[in-house]
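This briefing goes through a protein model by topic. Look at the sequence and the structure before reading on.

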Amino acid sequence: MSSPVIKYVGRTTNFKGKTLWEIVGSLKNYGVGRLIVRSVFERYPEPSYMKIVKVETCPDEERRRVRVWVEKTFRGRTLPKLTEIYRTSYKPDYKLIPKDEESKLLHVDHKKTEVILPNCIEMPPLMKRFIVKDHEKRGLEVVKDFVLPLSYKHSPNRVQRVAIGDEKPTIQFTMGLGKPASPSLYEGIPLEKSV
Amino acid sequence: MNFKHVFLKRTCPMVTQIAEAHRKPRWLPVAKSKIYRIPKRPVISTEERLELQRINNNYNTQMRAIRRFYHEEMIKERSSLQSASSEMSQRLEAEEWEKCVQINDKWNSQVAAEREERRKVELAAMEDFALKRMEVKDAEMKDKIAIASEKIREQKELCSTFITPETLEAAIDHALANPTDYNFAIDLKGNQFPGRDIPITYEKNAEKTNV
């Protein structure tokens, strides 16, 4: 018997896998205790996976969805609280980890290098001059350190830590172009002058 | 035929054109011809994607920092203004008020001087106008008086012929002596026939109806 030919029709997508209900609905005890993975998060070097803790089915109107509570590990860090998956449960992006591969995922050794984000950034050059003039004009004290406080989005998934006080960050942000991620795009362009 | 002729010879377009985006309204479903169309997804190389991501992240971080700085500064400024206890701001405000008052006074004096000059000129013009009007009126009155005095003189001249109580008897006598009868008839040739008792004599050829 020849293997079935799968022919995809319609728009393409970056998702890869099944919806959560497709996985959970066909498992014993709705798959409580099993590991699932979202293929979108597989791009990170650290392991990201979710362990199913509790499942609630949904009424007929929401037939693609299911309410699942999971123990989430994102980029090698397990979140302290359970995470509820409902709004994103319809996305065909979940993969079930076979039982014999679970231990491989759970005991992956990844180097824990803590990334500390800076809590301040130097002002842009024009702003420095402007601030000096502005403060002179208004009779305020002259600014000595041309530094702006930085703020980041709050997310429970955040892996990096923001520096506290005078802590030395491992990454530095500048107001310039910075170091290109792919230098091949900048061939023949003098970068040092423009920075 | 005639109708068509009118349409062809029109001078201005009957339908005004409005520039409008040629697209379907948002609430209409996908067009029949577009149902099975699959738009091509843009292909971005990994290098470019990574670089764009880095640049955009950088930009967002920078802008967030600047925005936060100015936001905090605004809040600080507002709170300092609201408290209004800082001597600095009060002194600055007082100075500015003083400056404003000085400028206002200067402007006021300048405007007042200009107004005085203008008022003087206006008053002179008004006086001139009034005097001229009075002169014209005087001349008119003089003329009227002259006309009136002329009339009075005439009447006084006539006065000698008036009948007074002294001359009444004489006048009556004169009137009785000279009776005047205004009853007269005229024929076609204009001949007058005074008196009431004069018999009317018709001419030979004249008809009765012509009288």
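How much area is buried between chain A and chain B? In this predicted model, the buried area is about 2300 Å², and carbon and sulfur atoms give 54% of that area. The points below cover the interface, the nonpolar cores, the salt bridges and one glycine.

**The interface between the chains**

- Chain A brings 32 residues to the contact, and chain B brings 23 residues.
- Arg138(A), Pro149(A) and Ser151(A) supply 20% of the area that chain A buries against chain B, more than any other three residues.
- Arg138(A) also forms a salt bridge with Glu77(B), with the closest N and O atoms 2.5 Å apart.
- The count of salt bridges between chain A and chain B is one.
- Polar contacts across this interface number 13 residue pairs, both residues of a pair being at pLDDT 80 or more.
- On the side of chain A that touches chain B, helix H3 (125-138) and strand E9 (147-149) of chain A each supply at least two residues.
- H3(A) gives the most to that side of chain A, with five residues.
- By residue type, the side of chain A that touches chain B divides into 17 nonpolar, 12 polar and three charged residues.

**Nonpolar cores**

- The largest nonpolar core has 13 residues, and those with the most contacts inside this core are Leu20(A), Ile36(A), Ile52(A), Val68(A) and Tyr94(A).
- Helix H1 (20-24), strand E2 (49-56) and strand E3 (67-74) of chain A each supply at least two residues of this core.
- Leaving out residues up to four places away in sequence, Ile52(A) touches a set of residues including Val24(A), Tyr30(A), Ile36(A), Val68(A) and Val70(A).
- A second, separate core has 12 residues, among them Leu117(A), Met127(A), Phe173(A) and Phe69(B).

**Salt bridges**

- Side chains of opposite charge can pair when their charged atoms come close.
- Over all chains, the whole structure has 17 salt bridges.
- One of them joins the side chains of Arg38(A) and Asp93(A), at 3.0 Å from N to O.
- Arg38(A) lies in strand E1 (residues 35-38) of chain A and Asp93(A) in the loop between strand E5 (83-85) and strand E6 (94-96), so this pair ties together parts that are 55 residues apart in sequence.
- Arg38(A) and Asp93(A) are both buried.
- In chain B, Arg118(B) forms a salt bridge with Glu122(B), the closest N and O atoms lying 3.5 Å apart.
- Arg118(B) and Glu122(B) are separated by about one helical turn because they are four residues apart in helix H3 (residues 87-159) of chain B.
- Arg118(B) is partly exposed, at 45% relative accessible area, and Glu122(B) is partly exposed at 40%.
- Arg153(B) forms a salt bridge with Glu150(B), with 2.6 Å between the closest N and O atoms.
- Arg153(B) and Glu150(B) are three residues apart in helix H3 of chain B, so about one helical turn separates them.
- Arg153(B) counts as partly exposed at 43% relative accessibility, as does Glu150(B) at 37%.
- Salt bridges that share partners also join Glu114(A), Arg161(A) and Glu167(A) into one network.

**Gly195(B)**

- Gly195(B) lies in the segment after strand E2 (192-194) of chain B.
- With a relative accessible area of 30%, Gly195(B) is partly exposed.
- Gly195(B) and Tyr182(B) are 13 residues apart along the chain, and their C-alpha atoms are separated by 7.8 Å.
- Apart from neighbours within four places in sequence, Gly195(B) is in contact with Asp181(B) and Asn183(B).

Methods:
Residues are numbered from 1 along each chain as its sequence is written. Chains are lettered from A and ligands numbered from 1 in the order in which they are written. This is a predicted model: local features need pLDDT of at least 70, side-chain atom pairs count only at pLDDT 80 or more; totals for chains, interfaces and linings use all residues. Side-chain values use heavy atoms; hydrogens and water are left out. Contact means heavy atoms within 4.5 Å. Buried area is the accessible area (1.4 Å probe) that two parts lose on being put together, summed over both. A salt bridge is a side-chain nitrogen of Lys or Arg within 4 Å of a carboxyl oxygen of Asp or Glu. A polar contact is a pair of N or O atoms within 3.5 Å; within protein, one must be able to donate a hydrogen and the other to accept it, and residues adjacent in sequence count only if both atoms are side-chain atoms. Ala, Val, Leu, Ile, Met, Phe, Trp, Tyr, Cys and Pro count as nonpolar, Asp, Glu, Lys and Arg as charged, and the others, Gly among them, as polar. Buried means under 20% relative accessible area, exposed over 50%, partly exposed in between (1.4 Å probe, protein chains only). A nonpolar core is a set of buried Ala, Val, Leu, Ile, Met, Phe, Trp, Tyr and Cys residues joined through side-chain atoms within 4.5 Å.
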